[in-house]
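Trainee: I should like to learn how to read a protein model step by step. May we work through one together?

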Amino acid sequence: MSTESAAAENESGASPGAGAEGAVGVDDPDNPEGAEGVEAAETAEGVGTAGAEGAADGAQLSEAEAEIAAQRALRERIAERKAAKEGPVDAGGKLSGTAADLLAAVRAVESGEKPATVFAEPERGPRRVVTAEPARRPVPVAPAVDAGPDAGTVDAVRAVLAEGGAPETLAVPAVRTLGEDADERLRADPWQLLRLSGVRPEQADGFARALLGAECAPDDERRGRAVTVWLLEQATVAGHTALDLPVLVEALGKRGVPRPDAAVESAVAEGEALLFQDALDDTPEPAPARDGENDDDDEGEGGEGAAERPVRILVGLERTALAEESLADGLARLINSAPKDGRAAGPEWEEAAVAAGGTTAELLRAVRTHSLVLHTGGEAARAEPLATAATAARLGLRVCVAAHTTDGRRRAAHLLGADAPESATATVAGLLAQAEGPGRDTDGAIAVDLLVVLDAPQLDVDAAAVLAESLPDGACLLLSGDPGVLWSAGPGRVFADLLAAGICPRVSSRTPDPGPIGELVSGIGIGELNQVEAPGKEVVIVPVRDAAEAIHRTVQLVADSVPRAIGVPAEETQVITPGHGGAAGTRALNAALKERLNPGPGRFGGFDPGDRVAYVPAPGRVRTGRVLGADAEGLRLECDGEPVLVPKEQVERGAVRHGWALTAHQAVGLRSSAAVVVLPGDATQALTRPWVYTAFGRGERHLSVVHGVDAALPRAVAEIPAKPRTTRLQRLVRAQLPGA
């Protein structure tokens, strides 16, 4: 690596320390990267971007509405699944049976005693082969344009909020979240305020004291239940699909809930949370008794010792837990269904595999005989699943390739070639919303025989569940991705769980990423920060002393050094930093870059024509582009060559930010000619190996590292892996597919 001189004048425009913006008493809703999560779990890895509902432009749906349509379809499936479950717990009723046994185990866990087994192992029936097409639900109808809540209802809620000392700006979100009777619900249970994004328990407590007066108490059942749900919501933001019961109990205690076990019981009884148990994975199955042994012996089969098997008790939000179960069901259905005739027969498949050679040959053979295939590799390895898709299309299969971002879709279409139809590629969100891709068949399933999903680590359980349920029986799902990058913004770690479950073929690429950047990133993936030879200045390290110097050098690199020395213009250089706040976060960097690259008064809500922006139509989804202008309808952008209208309400809620600088979570799935990674001194706590791996791998031709964290960088690469996420998918799919 080469080191560029750091001789530059200090600027006084930035002050050290993390900053946050937003209304008084409400956290910044789009910055969980710097927000507090569940204290006991200590995980806050989720991407911090704000999503909002969209409005239609004429007859065409916006991206946000398409996202709502897909999520509505998932909620309908979950509702049907919930209705079909045996022994539901009635809202407000007392716990009994398994749920009561689980709650009884709380005290055993707290006291250190060994909890008794309260569930038997999942019943494992024989694998089934689907021979008939199941009945499918009709294609979801596009939602109507949301005209917003009734003005009178909003005024009534605003009055309640003012009475309790809460910001009146929460009125519209309260109506959207709690319904038309939000004012009555808040008076009856002030802690319902915690359901609104950005509100914290101490703020809800102050609101409750103002409304309830002397009746407000820490041991109020309503408070315990609300804090339980809030902690579970924070866990989903951090990527968990459930929490270990002892972790949740400890977190409730830290939040001043006197009886954490009663709070969990109340949340479960009201149907706001679900309880589960899993046998510990590292606990062996009880050995069967040998001939001649006494079956009644305490240590033999059927004895007390064999009956008691350590279990893990988990608590999760209903929607997330059921989505994870729905995903496991969908994958099991897919794996158990017979391959379509076009994949199962004919010598042409083997001939094509022999001609392709290497990893592509392995993929073709796996796709021919299996309905779920996993492929791992770096950026260069993306060519392998794309070659597999192109070959399968030539062999007569209906094929679609879906990527996480529009940029990923564009790159996939380029590799597939000009002969590939537009419907052969899509974004995952566009495919699920039926706005992109091949459309649906008469049964409502995606009309494909082979679906290739790139950037698979970015699939959360919600999107993956809809995807699995939308595929027809006999189709093949090929998930491809780099396991070293940051996980999904939403809950779950779908790709990692499926890799660990071992229920289907896994094909690992042997294609390394080229050049000095590829060599550097490959070393980071195995925990080594190596010095690489970069004769063409492909990798440059720029040491800095403080945040002000970091901002100054970043602007200098983007506007002058990289264009002059590397030949990459400023519009093709992406700046990446750990968070939005802080002295050198995206806000500070974007302000400095705008002043240099496109100065202006910000006459369109802080934006000017030509500004580079990042538009977040839904949490975890980012579209980069530039501002064209604005009118009464909203802010007009150009994203990937397409015109995009962002309604004024979304702009005000922060769905559009300046985009010269992004966080690594926002940049996942994006590639640019050059990347400038800024590591200010206050960012050391955010650094992990996946973060560094992701950020350093975003540049194709050049990487500059503005380095102000000293030894924290090699320590993060060597010692700090991905932050753990508590999920159930791995065990669920293994239970569904015992013979896989």
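Trainee: How many helices and strands does the protein have, and what share of its residues is buried?

Mentor: Please keep in mind that this is a predicted model. The secondary structure comes to 27 helices and 20 strands. A residue counts as buried under 20% relative accessible area. Of the 740 residues in the protein, the buried share is 54%.

Trainee: What distance separates the end C-alpha atoms of helix H3, and what span should its 14 residues have?

Mentor: Helix H3 runs over residues 151-164. At 1.5 Å a residue, its 14 residues should span 20 Å. The distance between the end C-alpha atoms agrees with this, for it is also 20 Å.

Trainee: Which residues of H3 are buried, and on what arc around the axis do they lie?

Mentor: The buried residues are Thr-153, Val-154, Val-157, Val-160, Leu-161 and Gly-164. They lie on the same side of H3, because the arc they cover around the axis is only 120°. In general, an α-helix has 3.6 residues a turn, so residues three or four places apart point the same way. The arc asked for is thus 120°.

Trainee: Which helices are among the elements that cover the buried residues of H3?

Mentor: The buried residues of H3 include Val-157 and Leu-161. The cover over the buried residues includes three helices, namely H4 (171-178), H5 (182-188) and H6 (201-212).

Trainee: Which residue has a side-chain oxygen that reaches the backbone nitrogen of Gly-152 at the start of H3?

Mentor: Just after H3, Gly-165 takes a positive phi of about 80°. At the start of H3, the backbone nitrogen of Gly-152 has a side-chain oxygen within 3.0 Å, and this oxygen belongs to Asp-150.

Trainee: Is Arg-725 buried or exposed, and which backbone oxygens does its side chain reach?

Mentor: Arg-725 is found in the loop between helix H26 (712-719) and helix H27 (729-736). Its relative accessibility is 8%, and therefore Arg-725 counts as buried. Its side chain reaches the backbone oxygen of Ser-488 at 2.8 Å and, at 2.6 Å, that of Gly-492.

Trainee: What is the volume of the largest cavity?

Mentor: A search of the whole structure finds three cavities of 30 Å³ or more. The largest is lined by 14 residues, and those nearest its centre are His-404, Gln-458, Gly-620, His-665 and Val-668. The volume of this largest cavity is about 100 Å³.

Note on methods. Residues numbered from 1 in each chain as written. Predicted model: local features only at pLDDT ≥ 70, side-chain atom pairs only at ≥ 80, totals over all residues. Heavy atoms only, no water. Helix = DSSP H or I, 4+ residues; strand = E, 2+ residues; numbered from the N terminus. Expected span 1.5 Å × (residues − 1). Buried < 20%, exposed > 50% of the residue type's maximum accessible area, 1.4 Å probe, protein only. Arc of directions from axis to C-beta. Contact = heavy atoms within 4.5 Å. Polar contact = N/O pair within 3.5 Å; in protein donor to acceptor, adjacent residues only side chain to side chain. 1 Å grid on protein atoms, 1.4 Å probe; cavity = no way out; pocket = protein on both sides within 12 Å on 5 of 7 lines; lining within 4 Å. Points joined across faces, edges and corners; volume = space filled by probe spheres on them.
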